[in-house]
Amino acid sequence: MKKVVVVGGGIAGLAAAYALQESKDIEYILVEKESRLGGKIITQYEDGFLIEGGPDCFLAEKQSVIKLAEKIGLGDSLIGTNDQFKGTYIYSGNKLHSLPEGLILMVPTKIIPFALSPLISWPGKLRMSLDFILPKKKNQDDETLHSFVMRRLGREALDKIAEPLIGGIHGGNPETMSLKASFPRFLEMEKNHGSLIRAMLAARKKVRKKAPNARGGKPRTYFMSFKKGMGELTDALEKKLRGRIIKGKEVTGLNFLGTGFQVQIGEDESIFADGVILAVPAPEAAALLNRTAPKAAETLRLTPMASSATFTLAYKKKQMPGMINSFGFLVPHVEGRKINAVTFSSVKWDYRVPNEEYVLIRAFIGGAKNSHLAVVPDDQMCLWVKEELRSILGITEEPERYWIHRWIDARPQYTMGHLERLEEINKDLKKVPGLVLAGGSYRGIGVPDCINDGVRAAKKVLDYLQGN
Ligand SMILES: Cc1cc2nc3c(=O)[nH]c(=O)nc-3n(C[C@H](O)[C@H](O)[C@H](O)COP(=O)(O)OP(=O)(O)OC[C@H]3O[C@@H](n4cnc5c(N)ncnc54)[C@H](O)[C@@H]3O)c2cc1C
């Protein structure tokens, strides 16, 4: 029986292992250096509070999570957002402004709410509406998110909407982000419709025509999660894995033997593998490929990694100065604050607090433009977050408790040249058949992308081992 080692037990590695399992003539071993599986998906449960340290949801239109969840019997655990409180605010000029209704990603699709919104000035709105008549770009060359938004929608749309909303997804910096690698959809929209607004209107029409519900009649919202948080997905996947799982041991060495690999696990175990899936972030993959594929390793090291932290606070509802009845707010970088977003987790989702008396609030710190803020000591971070919540929301009370999760040098940045670098890496890895990279550092950072990438990697290794 052929043996595959999957290095890394994040969602990409778990999805890869689960996909390998479908092939009867393959044995696999999954190795994870931490004592738990899940990687950046980490859901903490404490006295009825459910705290998400990493992702708290996934984009429902990317089908892979829902399909996988249904396959492993988690269909009934899927939950949508509480859309009766739908709405996000943008902090601008010392005030919270409601994001105009109909604004999808960064594109306005409803004229009246957009026209009435005080978030963007009249000159800014006029500039955004030029998107209807501006000619489309003549070539399909890549550009930064910054240059694209400046070209189509103007400075105000960039600073107040695109940077916090779109850049925030990657914890990224629009000035360096490759649009083709991060949001290829925008380039497609311009190419096919000549205007982002026209493209979004057409997309909305299409969505309306489709049945709005998931299979089984469950209402689907734009973002979705699980009753027990995103960790419910990784926990369930772990239970479904029948292969050997090694936790708490790091893969420290990888030698290519011409056919097959010698994989060093911790200090005392060395395994022969016919195939290897490296489902680890780019810097960790680079470290393991130093000897086997030095050129690929060198290129992998060019992927910049940003740092960020999530800071979750539990308050008694009566401590809140006003009702928080929205999903939260975003803070544009130009505002010069310490936090870049806040989610009202217990409003957005059910099952996040022990009872109605409590609210759970999650703040984000750091990202590519502010990575240094994510590394300060806990008490400093706590002071900052409380001060921001006091000055923006008027919360003067102490939280009942709080939780910090840090992601230091852990958020891959798809900067200009990312796709070309990926091509170079893959070219170099052709010399190492049987080895495949997977995960959020490469073809999409979202949980659905990572699942797709894990499955793709498994298929590639199986094709190689089965001689297809
Ligand atoms: C704060 C935050 C919020 C996010 N929010 C969202 C969101 O709301 N929705 C969304 O879709 N995405 C979100 N993301 C992105 C998403 O969570 C990640 O892109 C995804 O989980 C990455 O999965 P992965 O398997 O590629 O990598 P990881 O989760 O990083 O897993 C890699 C694993 O490899 C292990 N490893 C590394 N080196 C070795 C080694 N040598 N030997 C053994 N094991 C090793 C690591 O310990 C880790 O467990 C967020 C990310 C962060 C940090």
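Biologist: How many residues of domain 1 are in contact with how many residues of domain 2?

Modeller: The model is predicted, so every value here is computed from predicted coordinates. In it, six residues of domain 1 touch eleven residues of domain 2.

Biologist: What is the area buried between domain 1 and domain 2, and what share of it comes from carbon and sulfur atoms?

Modeller: The size of an interface is often expressed as the accessible area lost when the parts come together. Here the area buried between domain 1 and domain 2 is about 690 Å², and carbon and sulfur atoms give 72% of it. On the domain 1 side, Tyr414, Met416 and Ile445 supply 69% of the area buried against domain 2, more than any other three residues.

Biologist: How many salt bridges and how many residue pairs in polar contact are there between domain 1 and domain 2?

Modeller: The salt bridge count between domain 1 and domain 2 is zero. Two residue pairs are in polar contact across that boundary, both at pLDDT 80 or more.

Biologist: What does isoleucine 277 touch, not counting residues up to four places away in sequence?

Modeller: The list for isoleucine 277 includes Val4, Val5, Val6 and Val7. Also on the list for isoleucine 277 are Ala16 and Leu20, then Val436 and Ala438, and finally Ala457, Ala458 and Val461.

Biologist: Charged side chains next. How many salt bridges does the structure hold?

Modeller: Side chains of opposite charge can pair when their charged atoms come close. The structure holds 28 salt bridges. One of them joins arginine 406 to aspartate 378, with the closest N and O atoms 2.5 Å apart. Arginine 406 sits in strand S21 (residues 401–412) and aspartate 378 in helix H14, so this pair ties together parts that are 28 residues apart in sequence. Arginine 406 counts as partly exposed at 27% relative accessibility, and aspartate 378 counts as partly exposed at 42%.

Biologist: Which residue does lysine 386 meet in a salt bridge?

Modeller: Lysine 386 pairs with glutamate 398, at 2.9 Å from N to O. Lysine 386 is in helix H14, while glutamate 398 is in the loop between H14 and S21, twelve residues apart.

Biologist: In the salt bridge of aspartate 428 and lysine 431, is aspartate 428 buried or exposed, and is lysine 431 buried or exposed?

Modeller: The N to O distance in that pair is 2.7 Å. Aspartate 428 counts as buried because its relative accessibility is 8%. Lysine 431 is exposed, with a relative accessible area of 58%.

Biologist: Which residues are linked in a network of salt bridges?

Modeller: Asp131, Lys137, Glu143, Arg151, Arg152 and Glu190 are linked in such a network.

Biologist: Why does arginine 362 count as buried?

Modeller: The cut-off for buried is under 20% relative accessible area. Arginine 362 is at 3% relative accessibility, so arginine 362 counts as buried. This residue lies in strand S20. A polar atom of the arginine 362 side chain is 2.6 Å from the backbone oxygen of glutamate 52. Beyond its neighbours within four places in sequence, the contacts of arginine 362 include Gly53, Gly54, Pro55, Asp56 and Thr310.

Biologist: One backbone item remains. What is phi of asparagine 94?

Modeller: Phi of asparagine 94 is near 65 degrees, a positive value in a residue other than glycine. Asparagine 94 is in the loop between strand S7 (88–92) and strand S8 (95–98), and is exposed, with a relative accessible area of 63%. Leucine 105, also not a glycine, has a positive phi of about 55 degrees. Leucine 105 is in the loop between strand S9 (103–104) and strand S10 (107–108).

Terms used: Residues numbered from 1 in each chain as written. Predicted model: local features only at pLDDT ≥ 70, side-chain atom pairs only at ≥ 80, totals over all residues. Heavy atoms only, no water. Contact = heavy atoms within 4.5 Å. Buried area = accessible area lost by both parts, 1.4 Å probe. Salt bridge = Lys/Arg side-chain N within 4 Å of Asp/Glu carboxyl O. Polar contact = N/O pair within 3.5 Å; in protein donor to acceptor, adjacent residues only side chain to side chain. Helix = DSSP H or I, 4+ residues; strand = E, 2+ residues; numbered from the N terminus. Buried < 20%, exposed > 50% of the residue type's maximum accessible area, 1.4 Å probe, protein only.
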